[in-house]
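Here is a short report on one structure. Keep the sequence and the 3D view open as you read.

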Amino acid sequence: MDIIINISGALFLLMGSFLCISGGVGLLRFPDFYTRMHAVGVTDTLGAGMILIGLMCYSPDFLTFSKLVMILLLTLLIGPTTSHVLAKAAMHNNLMPKLQQEDNIEETSSSNY
Amino acid sequence: MISHLPILQVIVPLMAAPICLLLKRSQLVWLFSLFASAIAFIISVLLLQQVMTSGVISYELGGWEAPWGIEYRIDKLNAFLLLIISAISTVVLIAAQTSIEKEIPKEKHTLFYILYLLSLTGMLGIVSTGDAFNVFVFLEISSLSAYALIALGQDRRALWASYQYLIMGTIGATFILIGIGLMYQMTGTLNMQDLSQRLPEVAQTRTVFTAFAFVIVGVCLKLALFPLHLWLPNAYAYAPSIVTAFFAATATKVAIYLLIRFTFTIFGLSFSFTTLPLQGLFLVLGLTGIFVASSAAIYQKNVKHVFAYSSIAQVGYIIVGLSTSTITGLTATLLHLFNHALMKSAIFLALGAVVYRLGNVQLSSFNGLGRQMPLTMAAIVIGGLSLIGVPLTVGFISKWYLLTALLEKGWWPVAILILLGSLLAVIYVWRIVEAAYFKKPLAGSAPVKEAPLFFLVPIWLLITANIYFGIDTRLSLQVASAAAQSLFGVSP
Amino acid sequence: MLIAATLAIFVAMILAIIRGIVGPTLYDRILAVNMFGTKTVLLISLLGFVMGRPEFLDIAIVYALINFISVIGVLRYSDTNKFKHTSADEKPLDKEY
Amino acid sequence: MKDLFAVVMLLGIYSLLSASFFVAMDAVDVAFTEAAVGAGISTLLMLVVITMTGRSEKTTRHKPWLALLVVVFTGGVLIYGTFDMPYFGIADAPIHSHVAPRYINESMKEIGIPNIVTSVLASYRAFDTFGEVVVIFTAGIGVMALLSVGRRPEEDEKTTAIDDSMHEQYLVIRIVTKMLIPFILLYALYVQFHGDFGPGGGFQAGVIFAAAIILYTMLFGLTTARKVINQSFIQFIAAAGVLLYGCVGIVSILNGANFFDYNVLASDPVAGQHLGILLIEWGVGCTVASVMIMIFFNFAGRKEMQQNNEKISNIEGESP
Amino acid sequence: MIIGLFNDWVVVVLMMSGLYIVIAHGNLIKKLVGLAIFQTSVFILYISMANVEGGSAPILAEGIKQFSNPLPHVLILTAIVVGVATTALGLALVVRIKEAYGSIEEEDIQHLDNQTQDETEIQATEGDQS
């Protein structure tokens with residue numbers, strides 16, 4: 001039983017780490033703000049969740065476990081909310097996605113970024 | 001209760017501050033803070049008495065013995081400083097209510113008194129503690145309240161002066177923090193007494209040299225020693241008059257106390273003055289400070305600026321006294337601490353009275369003031385004479401001892417330079433006297449009445465002290481020389 | 001495995017810092033800081049396990065909260081008139097780096 | 001870096017990084033505080049101020065050679081000083097062998113709580129902590145003296161109107177925040193009481209508590225928040241915290257021991273220590289929380305006043 | 001040797017960059033940021049001197065023998081509070097300065113101050129003549 005938990009924990013951690021790094025790469029490489037946010041938003045929540053679940057598998061006692069659950073809930077609640085607000089605020093302040101910009105250059109050329 | 005005096009000294013004004021916040025009514029708050037300050041003064045008198053008769057008092061906070069807990073350690077030097085600070089604070093507070101009425105908006109009066117008390121607490125705390133890190137904490141209490149108090153000044157330049165002071169002061173405090181950290185790293189202790197015993201073992205390491213350098217530079221920033229004095233003139237000139245009177249008399253004194261404490265007690269005389277070239281450095285900086293600041297004072301248009309620069313010059317005298325590193329020199333330094341506090345608080349309070357009546361302290365508005373505010377101007381003149389060092393005033397006594405110390409050392413040229421420096425003081429004091437007594441008042445300016453009683457009483461209290469201690473030097477001299485001797489490890 | 005995950009998070013953090021420095025817009029920076037914050041939460045939790053004292057997860061919770069609060073704060077205050085005003089004026093400035 | 005906003009963001013990151021470093025260096029309590037204060041409160045305050053003062057730094061033409069010289073010299077002295085330092089992490093350095101062992105070995109017997117940092121903070125060096133509380137109190141009073149604005153009733157209505165229009169777009173986040181705030185407050189209490197056993201204590205709890213209120217203020221407007229917590233109540237709590245702390249000391253004097261000697265507070269020393277630490281932690285928590293809220297309210301209130309003035313002047317400018 | 005002091009050197013570099021920002025930059029907020037960096041670096045210096053090889057966080061628990069030195073942690077807790085207090089007060093001052101001068105650049109403020117000083121001097125000389 002222990003072995004299964006350990007191995008699954010390790011797997012979760014591995015997947016989480018992979019997601020985190022890919023999120024980081026996405027943040028750095030993607031062309032404009034919205035795509036970057038997409039990369040971060042998705043991988044951050046999922047990756048963090050994975051890593052926390054992985055850690056839960058390693059946790060020695062109940063208190064630690066429950067704290068991890070708490071952190072997980074927090075990230076699940078906070079991550080999407082911040083992404084949502086961030087996107088909304090950016091949209092609100094006339095920050096246009098790149099794709100759209102290329103389609104209708106005439107309209108939005110005044111407000112690049 | 002007597003055995004708890006060292007802690008009560010600090011705790012009384014400290015606890016009074018939050019209570020003031022609850023009292024709200026500014027009249028009440030004023031009376032209460034005056035009361036608290038007066039109690040602090042009484043305690044300091046009792047402490048001085050106790051120290052003079054029975055020697056060093058050690059008080060262990062929390063009942064934990066010294067290197068583990070924090071210790072309050074009152075020796076003659078601290079007790080002397082405590083007396084100066086609490087006495088000046090009490091006297092200045094008498095005038096506070098009248099003065100801030102015109103200078104600070106009504107709703108901020110309560111906050112003003114709270115900050116004033118906190119600043120007093122900070123200074124008392126720095127002086128009485130025997131723990132190096134505790135010094136830092138109380139240093140920050142006093143400086144934070146000082147920044148806020150200075151920024152309460154009317155002129156917008158007060159804000160800028162306060163900001164500059166904040167930056168310089170914080171850099172200074174952080175330097176002290178670095179120095180304390182390095183000392184702690186080498187010795188593993190924070191208690192001053194313990195440090196002084198353990199430092200000689202590691203005295204030859206480069207780390208301790210660095211620690212020493214950082215502490216000294218940090219303290220000198222607070223002290224406004226010559227090249228690091230830039231924050232001081234504006235801060236003093238634009239702060240509310242009461243604040244200037246209080247700080248000019250006490251804030252630099254506390255910094256000098258720290259300098260003495262660190263160089264003499266913690267690092268030890270031989271390390272500070274023999275191993276390192278501190279003696280020469282202090283001498284040169286002190287002398288340059290005297291000349292640069294005094295000549296700057298001559299050209300100022302704002303009378304508060306004049307005396308602020310003169311404060312920097314006086315710091316120069318004090319530092320020259322330190323640089324002799326003899327008992328007489330140190331006695332002169334301590335005497336001058338006391339005397340300078342008396343003169344400067346009197347002068348700045350008198351200037352506060354002028355601000356109260358006139359609204360500004362430009363030199364030009366002093367014209368003819370000698371006849372309109374005779375008592376106030378007489379106070380400024382006596383204070384000025386004291387700054388010059390005319391016999392029968394306290395200024396003479398400390399200059400006399402300083403010269404004696406220099407001649408003992410055989411430093412003839414320095415003694416002559418000091419006398420020349422006093423001549424510069426004659427010039428800047430003369431300009432004020434000339435304006436006040438020999439010029440006619442400006443045409444069309446409204447006649448000015450004498451300052452109100454709440455100003456005259458504290459001013460003349462201080463002026464009387466100025467003359468009394470200039471004639472009867474027994475008390476101040478006895479304490480100062482006893483403190484100096486104990487710092488040199490000579491039992492009196 | 002724990003150490004590998006820690007390293008991975010380090011890499012992600014460095015990437016986030018680069019994005020935070022490069023910018024170019026305000027929102028990129030906020031995003032980078034937000035991601036950095038999340039990564040710090042994970043890093044602290046992982047460090048607790050690596051060092052064998054997992055009871056320090058409290059700190060991770062605080063980080064998560066603080067991270068949330070500061071992002072909200074940033075958004076709340078980046079929305080005011082003056083801010084937009086100045087940032088609109090000085091948009092070319094962003095191109096400097 | 002001429003964009004102050006980016007500078008502040010990076011400062012936040014720096015603070016988070018140094019907090020992570022503190023965790024790696026086993027200083028969990030410090031990391032806790034640094035995270036809450038450095039990354040949270042001071043970043044927020046700086047942001048508020050930037051919105052009031054403008055976002056970009058002016059380019060200066062002259063080259064600051066003097067500054068560089070000073071800095072290089074100071075750095076040189078420090079580097080010079082490091083050569084005789086004990087190496088990093090060595091266990092028999094003087095710092096670890098003189099005063100510290102007593103705390104590590106005896107604190108369980110003398111004070112009876114597992115978190116050594118708390119026992120040193122609250123008992124051995126209680127006076128430093130008292131000083132710390134007074135420092136924060138001073139800062140609160142100072143900020144109030146500098147920024148407080150007299151409020152006139154007729155302005156309040158306008159303010160509310162402005163506020164409401166401003167955050168209609170934040171519906172989602174408002175709901176999430178409403179869910180979170182009770183949790184944060186509860187967590188603050190947990191940190192307050194758990195400080196004896198794990199990282200945490202009055203200071204951290206106070207900051208977290210204040211953070212929750214600040215979050216509320218940011219989303220629901222200052223006027224609403226002021227209705228919940230009014231100014232004079234906050235001042236009262238701030239003063240009461242300092243007084244509570246001080247009174248613990250005075251009670252021990254009255255019981256015939258030295259200031260802050262908790263041993264005499266209860267029948268046996270360890271129980272006395274427990275009681276003393278509990279009380280002073282409460283004092284710290286109260287003062288810190290209320291002062292942080294007070295500072296934030298003052299900044300936000302000042303900002304609101306500026307905005308109102310701008311609005312009024314705009315309206316007046318348009319109407320004639 | 002190099003490893004043993006590496007930590008300190010990094011701290012020194014950080015500290016000095018903070019100090020440089022404080023001295024060299026004219027923007028008041030940036031000065032405060034520099035101050036914060038400077039102070040935080042000092043905290044790092046303290047904390048790294050508290051570290052013991054193989055030690056653990058100073059919270060007593062079963063099975064752990066070696067702890068880091070708790071005293072610097074306590075000192076730094078205090079120092080952090082002091083730091084945030086200073087920052088808050090400094091920021092309050094900046095706000096007031098902005099209101100009074102309309103700028104938060106050192107150069108502008110000094111320029112404005114010199115102007116006011118000149119004005120008062122002119123008034124003063126006029127007063128002398130009359």
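## Helix 5 of chain B

In this predicted model, helix 5 of chain B covers residues 132-151. How far apart should its ends be? At 1.5 Å a residue, the 20 residues of this helix should span 28 Å.

## The largest nonpolar core

The largest nonpolar core holds 441 residues. Which of them touch the most other members? They are Ile208(D) and Ala211(D). Helix 6 of chain B, residues 157-187, gives the most to this core, with 20 residues. Chain D takes part through two domains: domain 1 (1-60) and domain 2 (115-312) each supply at least three residues.

Look at Ala211(D) and set aside its neighbours within four places in sequence. Ala211(D) is then in contact with Leu65(C), Ile66(C) and Ile69(C) from chain C. Within chain D, it is in contact with Ala36(D), Gly40(D) and Ile184(D). In soluble globular proteins, nonpolar side chains tend to be buried together.

## Chains D and E

Seven pairs of chains are in contact, and chains D and E share the most contacts. Here 62 residues of chain E meet 75 residues of chain D. Which elements of chain E give two or more residues to its side of this contact? They are helix 1 (2-24), helix 2 (28-50) and helix 3 (70-101) of chain E. Helix 3 of chain E gives the largest share, 22 residues. By class, the side of chain E that touches chain D has 41 nonpolar, 14 polar and seven charged residues.

Chain E itself has four helices and zero strands. Along the sequence its pattern reads α-α-α-α. Chain E has 130 residues, and 58% of them count as buried. Take its contacts between residues at least 6 apart in sequence: 41% of these join residues at least 24 apart.

Now turn to chain A. Chain A does not touch chain E; their nearest C-alpha atoms are 14 Å apart. No contact joins chain A and chain B either, and their closest C-alpha atoms lie 34 Å apart.

Chain A has five helices and zero strands. Its pattern along the sequence is α-α-α-α-α. Of its 113 residues, 35% count as buried. Among contacts in chain A between residues at least 6 apart in sequence, 59% join residues at least 24 apart.

## Confidence in chain A

The mean pLDDT of chain A is 78, and 85% of its residues reach 70 or more. Where is confidence lowest in this chain? It is lowest in helix 5 of chain A, residues 105-108, at a mean of 44. It is highest in helix 1 of chain A, residues 2-29, at 86.

Over residues 104-113 of chain A, the pLDDT is below 50. Beyond near neighbours in sequence, this stretch has seven contacts in the model. Take care with such a region. Where pLDDT is low, the predicted coordinates should not be read in detail.

Start with Ala378(B), which lies in helix 16 of chain B, residues 374-388. Why does Ala378(B) count as partly exposed? It has 16 C-beta neighbours inside 10 Å, and a residue needs 20 or more to be buried. The C-alpha atoms of Ala378(B) and Ser196(B) are separated by 47 Å. Along the chain, these two are 182 residues apart.

Next, find Gly52(C). Its place is in the loop between helix 2 (26-50) and helix 3 (57-78) of chain C. Gly52(C) has 11 C-beta neighbours inside 10 Å, so it counts as exposed. Gly52(C) and Tyr77(C) are 25 residues apart along the chain, and their C-alpha atoms are separated by 40 Å.

Terms used. Residues numbered from 1 in each chain as written. Chains lettered and ligands numbered in written order. Predicted model: local features only at pLDDT ≥ 70, side-chain atom pairs only at ≥ 80, totals over all residues. Contact = placed C-beta atoms within 7 Å. Nonpolar A, V, L, I, M, F, W, Y, C, P; charged D, E, K, R; others polar. Buried ≥ 20, exposed ≤ 12 C-beta atoms within 10 Å, placed from the backbone. Expected span 1.5 Å × (residues − 1). Core = buried A, V, L, I, M, F, W, Y, C linked by C-beta atoms within 7 Å. Domains from an automatic or database assignment. pLDDT = per-residue confidence, 0-100.
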